[in-house]
Each structure stands twice: as C-alpha cells, then as structure tokens.
Amino acid sequence: HKEFNMADLVQLTYGEDTEKFTLYAVNVMLQCINEIPLENDEDLAASLEGNLAQSVLEETKKGVLAEGWDINHDTDYTFSPDAQGMIPLPSNVLDISAADGDIINRAFRLYSKSNQSHIFTDPVDCDVIWDVPFNDLPHPIRHFITLKAARTFQSRVIGDNTQYAFNQNDMEEAYLAARRSEGRTARYNIFTSGTYGATNLV
C-alpha cells in the first residue's frame, strides 16, 4: 500500500469550499485502499465503498467529539420541561452531565436519580457535549478525524493492520495539533487537563 504524507493531503484538497470537506475526507480514505477519488456527491451516493467510508467517518467523528472539545462543549446549558414535565434531549447530544451528578440521560430524556423520575418542575442546567457536522468543524479536528477514520476504514476493508497508509506519528501529530488549536480557544493547560495527550489514537 502507498505510504501517504502531508503533500498527498495537500494535493487532494478542494480549496475552501466547506461543502466538500466530507468528500475530501472520503477520498483520503478511499485512496488508502487504492480506490480512485470521487468527483462529486453524486459519485459518492452511487459508490458502495464511498458510502462505507462516509459511515466510518461519521462513526469516528462522533467518537472523537465525545471526548469533549471547546467547540462542542457547553456548560450550564438550560433544558426546560415540556407540558408533561419531561425533558427530551436533542439527537445531537453525545454526552450530558449535571454538576451534582444527579441528572443523567436515560432513553434520551433527562432523569433524576435521586427522585427516580423523568418528571421535572423547573429548568435544569447541564454540561453538554454536542455532535457537530463534519463540515462545520475546524481544520485541525477534521484532519485528525480523517486520519483516524482512514486507519479504521483501511483495517476493515483490507483486514491488514500492519500496512496503514498513515503511521502512528501522523496520528499523534494530528491529534496534538487539534488539541493545540483547541488550546488557543479553551486555554488548555498541559499540566492540569486530564484529556490533553495522544489518547484514543488507534
């Protein structure tokens, strides 16, 4: 299999057209299994391998975003009960927690463990980790997700874990670049942040 480098990625770019970020990522993944790049969304819709790659990309994106990043993490986000007193959660909630640990997600509705109930009389503030569309993510995070998805896709399709197109150093550099990018907005501290580091790379 061809050994990829950063120059290959630059040559595959589609410029700044954000609607093509997903297609670009899928093409990186396809080239890892020696498939030719797709030209447009119509080609993607008609391609079995392309659809599988897109599914792996989405799976990988959710796994990465579930770690919690500055771009998808809200603190003290207020949820209000509906007419029945329940608080249904949007489908793009990846994880949720309350400061006191009492409120959890059960069956995509907020649930109070102390009251053993889904019923609430007042709004509830929670910390939320959201899913975000791939095309809306900043480049450093998209880049890491793309490389991680490509390794997963290549392993599943070819079944050979010894000849990855991207090596471990590529993965670590991409992950750390994403965390450095986040650090510029979230003010991450390498000495105090428990999530800083090259985790969940493979």
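This is a predicted model: local features need pLDDT of at least 70, side-chain atom pairs count only at pLDDT 80 or more; totals for chains, interfaces and linings use all residues.
1. Glu 58 sits in helix α4, which covers residues 48-65, and so does Lys 61. The two are three residues apart, about one turn of the helix. They form a salt bridge in which the closest N and O atoms are 3.2 Å apart. As background, side chains of opposite charge can pair when their charged atoms come close.

2. Glu 58 has another partner to look at. Lys 62 also forms a salt bridge with Glu 58, and here the closest N and O atoms are 3.9 Å apart. Lys 62 and Glu 58 are four residues apart in helix α4, so about one helical turn separates them. Lys 62 is partly exposed at 37% relative accessible area, whereas Lys 61 is buried at 3%.

3. Now follow Lys 61 to another part of the chain. Its side chain meets that of Asp 131 in a salt bridge, with 3.1 Å from N to O. Because Lys 61 lies in helix α4 and Asp 131 lies in the loop between β5 and α5, this pair ties together parts that are 70 residues apart in sequence. Through shared partners, salt bridges join Glu 58, Lys 61, Lys 62 and Asp 131 into one network. Asp 131 itself is buried, at 14% relative accessible area. The structure as a whole holds six salt bridges.

4. Which residues does Leu 137 contact, leaving aside its neighbours within four places in sequence? They are Lys 61, Leu 65, Ile 71, Val 132, Arg 142 and Ile 145. Leu 137 is found in the loop between β5 (124-130) and α5, and it is buried at 3% relative accessibility. Leu 137 and Lys 61 are 76 residues apart along the chain, with their C-alpha atoms separated by 9.9 Å.

5. Next, take a look at helix α2, residues 21-31. Ten of its eleven residues are buried, so the helix is largely enclosed by the rest of the structure. Among the buried ones are Phe 21, Tyr 24, Val 28 and Leu 30. Asn 27 also lies in this helix and is buried, with a relative accessible area of 2%. A polar atom of the Asn 27 side chain lies 2.6 Å from the backbone nitrogen of Leu 38.

6. Not counting residues up to four places away in sequence, Thr 146 touches Ala 25, Val 28, Met 29, Leu 57 and Phe 134. Of these, Ala 25, Val 28 and Met 29 are among the buried residues of α2. A polar atom of the Thr 146 side chain also lies 2.8 Å from the backbone oxygen of Arg 142.

7. How many disulfides are there? The count is zero.

8. Finally, turn to the surface. Leu 52, Val 157 and Ile 158 form a nonpolar patch there, with about 210 Å² of accessible area together. Ile 158 belongs to helix α5, residues 139-158, and is partly exposed at 32% relative accessibility.

Definitions and conventions. Residues are numbered from 1 along each chain as its sequence is written. Side-chain values use heavy atoms; hydrogens and water are left out. Patches are made of residues with over 30% relative accessible area and no salt bridge: like charges are joined within 9 Å, nonpolar side chains (Val, Leu, Ile, Met, Phe, Trp, Tyr) within 5 Å. Accessible areas come from the Shrake-Rupley method with a 1.4 Å probe; for residues, only the protein chains shown count as cover. A salt bridge is a side-chain nitrogen of Lys or Arg within 4 Å of a carboxyl oxygen of Asp or Glu. Buried means under 20% relative accessible area, exposed over 50%, partly exposed in between (1.4 Å probe, protein chains only). A polar contact is a pair of N or O atoms within 3.5 Å; within protein, one must be able to donate a hydrogen and the other to accept it, and residues adjacent in sequence count only if both atoms are side-chain atoms. Contact means heavy atoms within 4.5 Å. A disulfide is a pair of cysteine sulfur atoms within 2.5 Å.
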